[in-house]
Amino acid sequence: MSRIETPEAFRDETYTDATAAVDRLEELYTEATDFLCHHFMEVMRNGPPGHRIRAFYPEIRLTTTSYARVDTRLSFGHVALPGTYSTTVTRPDLFRQYLIQQIGLLIRNHGQPVTIGPSHTPIPVHFAVATKPDLTVPQDGASGLTLRDIFDVPDLATTNDDIVNGTFVPQDGIGPLALFTAQRIDYSLARLSHYTATDAGHFQNHVLFTNYQFYVAEFEAYARAMLADPASGYTAFVSAGNAEITTADAPLDAPARLPQMPTYHLKRADGSGITLVNIGVGPSNAKTATDHIAVLRPHAWLMVGHCAGLRNTQALGDFVLAHAYLREDHVLDDDLPIWTPIPALAEIQIALEEAVAEVTELEGFELKRVMRTGTVATIDNRNWELRDQSGPVQRLNQSRAIALDMESATIAANGYRFRVPYGTLLCVSDKPLHGELKLPGMASEFYTAQVSRHLKIGIRAMERLQNMPLERLHSRKLRSFDETAFL
């Protein structure tokens with residue numbers, strides 16, 4: 001198959017208007033995916049065509065020749081050095097407002113147009129077909145033909161996190177404009193749909209993670225109360241399976257089977273609402289969820305889960321505000337070296353502390369009655385208590401840790417890695433070092449009393465962050481000295 005059939009050749013075009021540039025990205029992407037889907041259906045009906053079918057992702061490119069300093073108070077929207085920078089783009093409809101914002105900043109800060117045109121990166125047929133709900137790519141060989149002989153398929157050799165991990169080596173002297181390539185984003189969009197059973201378009205810019213399904217009923221109750229209030233700004237509530245309601249008393253269909261990470265969205269028209277993800281237990285789940293949600297470029301994510309209190313002065317139901325993390329989860333060791341500090345972000349810390357004060361009606365020194373600030377340890381062994389205590393307990397003591405869980409440090413570390421503002425507010429559900437184990441009777445009483453208050457605090461913190469300007473929330477402390485222009 002030496003011949004390759006592609007869409008008609010498109011020339012590169014330059015733009016000084018961000019909206020027009022994104023319109024062009026949508027045209028190119030739609031043309032490419034429609035082309036692939038059309039030929040995919042033809043192949044399914046009529047068999048192999050005798051040649052390859054290929055279409056390409058659209059691309060944004062910027063070239064600047066000036067060393068003149070731009071306004072660097074903002075942590076994004078500019079490149080550090082003269083040169084040519086580019087990124088491939090997928091689903092410009094989904095990322096429309098984000099792309100308009102990022103491209104607009106580039107044009108304004110550098111005084112240069114952006115160039116829009118097709119890239120040299122083929123679109124895998126699986127990702128093109130994913131845009132058409134009525135089409136499905138069969139398992140390789142199931143249809144009597146080998147798809148990769150005809151179409152491009154996902155290529156893990158070029159789908160990686162080299163840019164976010166700081167290990168990317170520019171090709172042909174062209175630097176990256178964005179943290180993720182189009183194929184990496186498409187991969188995560190497919191994974192999100194699989195793990196959460198909700199479409200990526202429902203995800204909001206503020207994400208709460210929890211490790212218990214108990215929080216879901218409380219979140220739905222809050223969502224219904226918000227939908228009953230026209231002044232709340234919330235417009236819809238979506239549950240697993242893409243079941244959606246827009247009025248407080250509407251029935252909500254439950255899925256026949258919950259996905260691995262049930263996800264729920266309290267939506268606002270501009271995407272500034274709140275998404276709740278029950279990631280379940282363990283650092284692997286925490287990494288999986290954040291690896292994929294990161295491509296949506298949320299404005300913040302917070303962990304609101306349960307933990308073991310490590311101090312005898314703590315009581316069940318007390319809160320822990322993490323200001324440092326002891327990482328013994330190990331799932332990110334190859335992507336983010338263990339020696340990398342994970343700083344607390346002042347904007348997030350203040351929002352969480354103020355939310356605790358509001359909900360508990362305690363202030364100042366009195367707040368210390370129900371909340372401690374300190375180091376949270378995250379471990380990958382749920383039954384760590386059964387090991388020789390001299391090892392883990394000594395490390396916890398030396399680190400000054402006040403709480404231990406299995407997800408928080410992973411979520412914070414991936415927030416740092418992906419440049420997503422992060423924070424942690426945990427609730428003490430047991431004290432294994434002091435004889436208070438999580439047993440059925442004790443656990444039931446704790447959940448009944450504390451889940452509602454804890455979730456309300458997380459929501460209140462997110463609502464404070466909703467009103468914070470992006471230039472303040474997206475702190476420069478999360479950006480490196482050799483950073484991409486796109487947030």
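Start inside: select Ile-60, Leu-99, Ile-103, Val-114, Phe-209 and Trp-301, the residues with the most contacts within the largest nonpolar core, which has 115 residues. A nonpolar core here is a set of buried Ala, Val, Leu, Ile, Met, Phe, Trp, Tyr and Cys residues joined through side-chain atoms within 4.5 Å. Buried means under 20% relative accessible area, exposed means over 50%, and partly exposed is in between, using a 1.4 Å probe and protein chains only. Before you click on, remember that this is a predicted model, where local features need pLDDT of at least 70 and side-chain atom pairs count only at pLDDT 80 or more, while totals for chains, interfaces and linings use all residues. Residues are numbered from 1 along each chain as its sequence is written, and side-chain values use heavy atoms, with hydrogens and water left out.

Now zoom in on Ile-60. Leaving out residues up to four places away in sequence, Ile-60 touches, among others, Leu-25, Tyr-85, Leu-99, Ile-103, Val-114 and Phe-486; touching, or contact, means heavy atoms within 4.5 Å. There's also a second, separate core of 21 residues, including Ala-32, Val-43, Ile-53 and Phe-151.

Next, select residues 96-110, which make up helix 2. Helices (H or I, at least four residues) and strands (E, at least two) are DSSP runs, numbered from the N terminus. Which of its residues are buried? Among them are Tyr-98, Leu-99, Ile-103, Leu-106 and His-110. Show helix 1 (18-46) and strand 4 (56-64) too, as they are part of what covers the buried residues of helix 2.

Hop over to Asp-333, in the loop between strand 15 (319-328) and helix 8 (346-360). Asp-333 is partly exposed, with a relative accessible area of 29%. Its side chain makes a polar contact of 3.1 Å with that of His-330. (A polar contact is a pair of N or O atoms within 3.5 Å; within protein, one must be able to donate a hydrogen and the other to accept it, and residues adjacent in sequence count only if both atoms are side-chain atoms.) Beyond four places in sequence, Asp-333 is in contact with Arg-327 and Ile-338.

Finally, zoom out: the protein chain has 12 helices and 18 strands, and 54% of its 487 residues count as buried.

Terms used: Expected span 1.5 Å × (residues − 1).
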